[in-house]
Amino acid sequence: MWKVTAKSDTEAEILLYDVISDFEDEEWGVINAKGLISKIKALGNIQNITLRINSVGGDVFEAQAMYNYLKSLPANITVRIDGLAASAA
């Protein structure tokens with residue numbers, strides 16, 4: 001499972017609780033960089049993001065694209081490892 005949720009006009013939470021892949025399938029919980037980035041952009045001017053991770057990892061190239069995008073944001077990002085952050089996660 002993964003989802004991006006606005007908690008307020010300036011705060012968001014990202015749950016990354018599944019495999020990182022080069023394809024996206026929300027029904028199966030698979031996430032890719034394009035899907036994550038589009039959902040974050042749709043939130044608008046977010047100032048604080050909490051990223052919660054419980055993932056076995058996956059595709060290192062997709063994970064690197066996600067990381068680079070998140071790092072480029074002007075928002076403050078807090079990462080919480082809720083279970084496992086293995087491999088690409």
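Analyst: Happy to! This is a predicted model.

User: Nice. What order do the strands of the sheet come in?

Analyst: The order is S1-S2-S3-S4, in an open sheet of 4 strands with mixed pairing. S1 and strand S4 (76-85) are the edge strands, each with a single partner strand, so one side of each has no neighbour in the sheet. From one strand to the next, the twist averages 10°.

User: Which way do S1 and S2 run, parallel or antiparallel?

Analyst: Antiparallel: strand S1 (residues 2-6) and strand S2 (residues 11-16) are joined by 5 bridges. Together S1 and S2 make a hairpin, with 4 residues between them. To see the pairing on your screen, look for Val4, whose bridge partner in S2 is Ile14.

User: And how many bridges join S2 to S3?

Analyst: There are 6, and S2 and S3 run parallel. Glu13 has Thr50 as its bridge partner in S3. S3 also pairs with S4 in the parallel sense, over 7 bridges, and there the partner of Thr50 is Thr78.

User: What does H1 touch on the sheet?

Analyst: H1 packs on the sheet by touching S1 and S2, and its direction makes about 10° with that of S1.

User: Switching to the helices, then. At what angle do H1 and H2 pack?

Analyst: About 20°, with their axes 9 Å apart. Angles under 35 degrees count as roughly parallel, so H1 is roughly parallel to H2. The crossing of H1 past H2 is right-handed.

User: Which residues meet there?

Analyst: From H1 you have Ala33, Lys34, Leu36, Ile37, Ile40 and Lys41, and from H2 they meet Glu62, Ala65, Met66, Tyr69 and Leu70.

User: Okay, now the inside. Which residues touch the most other members of the largest nonpolar core?

Analyst: Ile14, Ile31, Leu36, Ile40 and Met66 do, in a core of 22 residues. S1, S2, helix H1 (33-42), strand S3 (48-55) and helix H2 (60-72) each give two or more residues to this core.

User: Tell me about Ile14. Is that residue buried or exposed?

Analyst: Ile14 counts as buried because its relative accessibility is 1%, and the cut-off for buried is under 20%. Leaving out residues up to four places away in sequence, Ile14 touches Lys3, Val4, Leu36, Ile40, Ile49, Thr50, Leu51, Arg52 and Leu70.

User: What about Glu13, buried or exposed?

Analyst: Glu13 is in strand S2, and with a relative accessible area of 18% Glu13 is buried too. Beyond residues up to four places away in sequence, Glu13 touches Lys3, Val4, Thr5, Lys7, Thr50 and Arg52.

User: One last thing: what is Ile31 in contact with?

Analyst: Setting aside neighbours within four places in sequence, Ile31 is in contact with Trp2, Leu16, Val19, Ile20, Ser21, Phe23, Leu36 and Met66. Of these, Leu36 and Met66 are also among the core residues that touch the most other members.

Terms used:
Residues are numbered from 1 along each chain as its sequence is written. This is a predicted model: local features need pLDDT of at least 70, side-chain atom pairs count only at pLDDT 80 or more; totals for chains, interfaces and linings use all residues. Side-chain values use heavy atoms; hydrogens and water are left out. Two strands pair if DSSP finds at least two bridges between them. A nonpolar core is a set of buried Ala, Val, Leu, Ile, Met, Phe, Trp, Tyr and Cys residues joined through side-chain atoms within 4.5 Å. Buried means under 20% relative accessible area, exposed over 50%, partly exposed in between (1.4 Å probe, protein chains only). Contact means heavy atoms within 4.5 Å. Axes are lines fitted to C-alpha atoms, for helices over the stretch in contact, and angles run from 0 to 180 degrees between N-to-C directions. Angles under 35 degrees count as roughly parallel, over 145 as roughly antiparallel, 65 to 115 as roughly perpendicular and the rest as oblique. A crossing is left-handed if the near helix is turned anticlockwise from the far one by less than a right angle, and right-handed if clockwise.
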